[in-house]
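This report goes through one model in steps, from a single residue to the contact between chains. Please look at the sequence and the structure first.

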Amino acid sequence: MQSNLVSFIQVLRSHDVRVSPAETLDAMTVATTLGYANRNLLRDGLAMTLAKTPAEEAVFLACFDRYFYQRLSDFSLGDASAADDEAPPASEEPANETGTQGTATGDASPLVAAAATDPGIAALLESPLMRSLVDNNRNELTVAIGRAAQEVGLQQIQLFTQKGQFTRRILDAMGEEQLRSAVIELERRESPALTELQRYRDILREEVRSYVEREYLLHAEGRTRQFMDEVLSKTRLNNIEHMYLHKVHELVRKMAKKLASRYSRKRRQLKRGQLNMAKTMRRGIANDGVMFNVYWRQIRREKPQILAVCDVSGSVAAYAKFLLMFLYSLQDVLPKVRSFAFASQLGEVSSYFDEYPVEKAIELVNWKYGGATDYGNSLRDFARLALDDINSNTTVIMLGDARNNNGDPALEIMQAIYQRARQVIWLNPESRRVWGSGDSEMLRYQSACHFSAECNNLKQLERIVDQLLKSTH
Amino acid sequence: MQLDDFPQLASVTQIEQGFEAFGYICSTKIATAVFLAFQLRKPILVEGPPGVGKTELAKTTAQLLDLPLIRLQCYEGLDEAKALYEWKYGKQLLYTQVLKEKLGDLLKGAKGLAESVERLHQFGDIFYSEDFLEPRPLLKAMQQERGAILLIDEIDKADYEFESLLLEILSDYQISIPEIGTIKARTSPMVFLTSNNTRDISDALKRRCLHLYIPFPSVELEERIVRSRVPNVDAQLRHQLVEFVHSLRQLDLKKSPAISETIDWARSLLLLHAGQLDEELVRSTLNVLLKFEDDIEAANAELRALLQGARPG
């Protein structure tokens, strides 16, 4: 049972439930304390040590039901069948045989008749696999399937495409070959026993298939999802199909939340400042003027403010969607984020993000501000709207390809922003190699940025945001 | 804590019955948590919406075991001076003043500074001994002879740093005081932490605890709770009012009515001698259940449909 519990914990881990070795030990103690007799009690007890949030608990319950679905029944039956096997080895066996033969002659004479003429089929009927099929001994069958699965390493299953392959291997390991060749043999002879044997074969295949399906859900679902996350975070943002939008959003949220919690922790740290003489003396009065405690002035850090400006013109539209989505999430979780969008003109879009759900907000922004790019004009708009608010606590994030259709870049405004802000960050979806080529003004704008980076997939974005938060604490 | 001392905790069913005797009706899951906490000597982290009886669980356990309940209410800015211990500054000061006069006698005949210091050293660190220690809840819980129930209420309201402070206490049941050394619990207390989930608790803390989530109870369980708390309400009304509260919880409200509100409502209906629910009655007593004007308006709009669902059936 201990090894069972350990492999159950493996399953939990693959479903994103974090279980430490210490918790594994706790789970063992819980299991021994509660005993295995009462399933619900055990489930509740394990849930308390292994699942740490309501969400994890839901995952836990689903996994528990799937995992111990067959295992627990295995145990009662393991005992029973063991007793059957061991207690009357000699006396029961022939009786059993005659019993099956007796019933077989009653219900399924063709097969037995066929066995009488063909030693191959007789041998088949003698095999433990066939015996459990004929006796309809599901428990024994499940045990056999489990054993075979272990042999072929079903727990390694990763992708749904492997299901067929594993089913085949398990069947082979169980000796289904014998059954299969018998079916072919009977087919050749057009024996009346054919349909019955076929039925047994189908039952077996069905059982194995559903077993593989269950195991796949247990072992592979989590890994497949991890794999997907990995793929998604490396895919270029504009290549992602619409169907992944939802998933990407979730990923962004997860990331933004992680960053936000770290961020809020940093904000709370107070820095010790100068000695607060007045307070120290006042508090000292109670102690006859002896200053037992010293008090310090505390420097409260200003909350950093973030201004984000996003290009939504045609050339970057596909990226902008995702950049906007990130902004949306960021505004959701961080205080004081103001968002702006522009193509030829610029406007503040924070209110859209506050009021509408993400898809709607992005659509509205695109509809309102989409068009041909004019960085000069847009920067002037931005200066008018927000330049006065930029101070040494402000971080300005520019998202755009800096392709200005050969217009006036209004570099002086960028420089003004650069001088006032604590930090100016430019994220460009284009590869660094093409910066400055054609109508790209990136190299000139870059001179007015503290930090500029290429950013067109989530991995890069994640790294950049981390850097950003490190410097704003 | 030894099992021999507390036969009340011998099994899950026994705990359940024990709680019931004190008017706390709980699900098997809750009883299992208490059982495990006792067996494994682990703290329980109780989470759930406000008003489902998180604090009550600790109180009832204290009653059941006849142990003192020591409660630490968390809030932002709570620090070790208020949670662990503090030196009795006033007393220390008073003693120094008194001793100042004795100092001359003491040092009489001492030759040179070295000898004076030597003599003073003989007195050791009396000012930093347990006599001058003001125990705060956490330390107090360690000092109880028979053990105690320690309730750390609303841990999510405390600062992040405070959680780290708790780690030593929760895993080893000991407190380190630099001037004295490590104080081990005489009998390890049973610890309940509650959280309303206003922020995430750190993994380190979660790892040391059993995690118990108390959701809103089922209709059947809540009826039993109401019956035990307000025994005079008749069965039909009880069923009706619990059904109504359950349908209220389905609405999108700022704050769903919790068990405590159901009990309050049952009490007020009893005072009003209500025989069964009708629209007028519910409308006038809705403020017992719902605490926000917006919620009351939302519920009022749906009142008829909600009552339809709560017809005695």
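A residue is buried if 20 or more other C-beta atoms lie within 10 Å of its own, exposed if 12 or fewer, and partly exposed in between, with C-beta atoms placed from the backbone. The model is predicted: local features need pLDDT of at least 70, side-chain atom pairs count only at pLDDT 80 or more, and totals for chains, interfaces and linings use all residues. Residues are numbered from 1 along each chain as its sequence is written, while chains are lettered from A and ligands numbered from 1 in the order in which they are written.

**One residue in chain A**

Q331(A) counts as buried because 21 other C-beta atoms lie within 10 Å. Helix α15 (residues 317–333) of chain A holds Q331(A); helices (H or I, at least four residues) and strands (E, at least two) are DSSP runs, numbered from the N terminus. Apart from neighbours within four places in sequence, Q331(A) is in contact with V337(A), S339(A), S350(A) and F353(A). Two residues are in contact if their C-beta atoms, placed from the backbone, lie within 7 Å. D354(A) is 23 residues from Q331(A) in sequence and 8.0 Å away in space, C-alpha to C-alpha.

**Chain B and the cores**

Chain B has 15 helices and 9 strands, and 34% of its 313 residues count as buried. A nonpolar core is a set of buried Ala, Val, Leu, Ile, Met, Phe, Trp, Tyr and Cys residues joined through C-beta atoms within 7 Å. The largest such core has 97 residues, of which I44(B) and L212(B) touch the most other members. Helix α2 (residues 28–40) of chain B gives the most to this core, 8 residues. Not counting residues up to four places away in sequence, L212(B) touches M48(A), I30(B), A33(B), I44(B), L45(B) and V46(B). A second, separate core of 50 residues includes L324(A), Y328(A), M398(A) and I413(A).

**The contact between the chains**

The table gives the residues that each chain puts into the contact.

| Chain | Residues in the contact |
|---|---|
| chain A | 22 residues |
| chain B | 18 residues |

On the side of chain A that touches chain B, α2 (21–34), α3 (39–50), α4 (54–86) and α13 (242–268) each supply at least two residues. The most, 6 residues, come from α2(A). The residues of this side divide into 8 nonpolar, 7 polar and 7 charged. Here Ala, Val, Leu, Ile, Met, Phe, Trp, Tyr, Cys and Pro count as nonpolar, Asp, Glu, Lys and Arg as charged, and the others, Gly among them, as polar.
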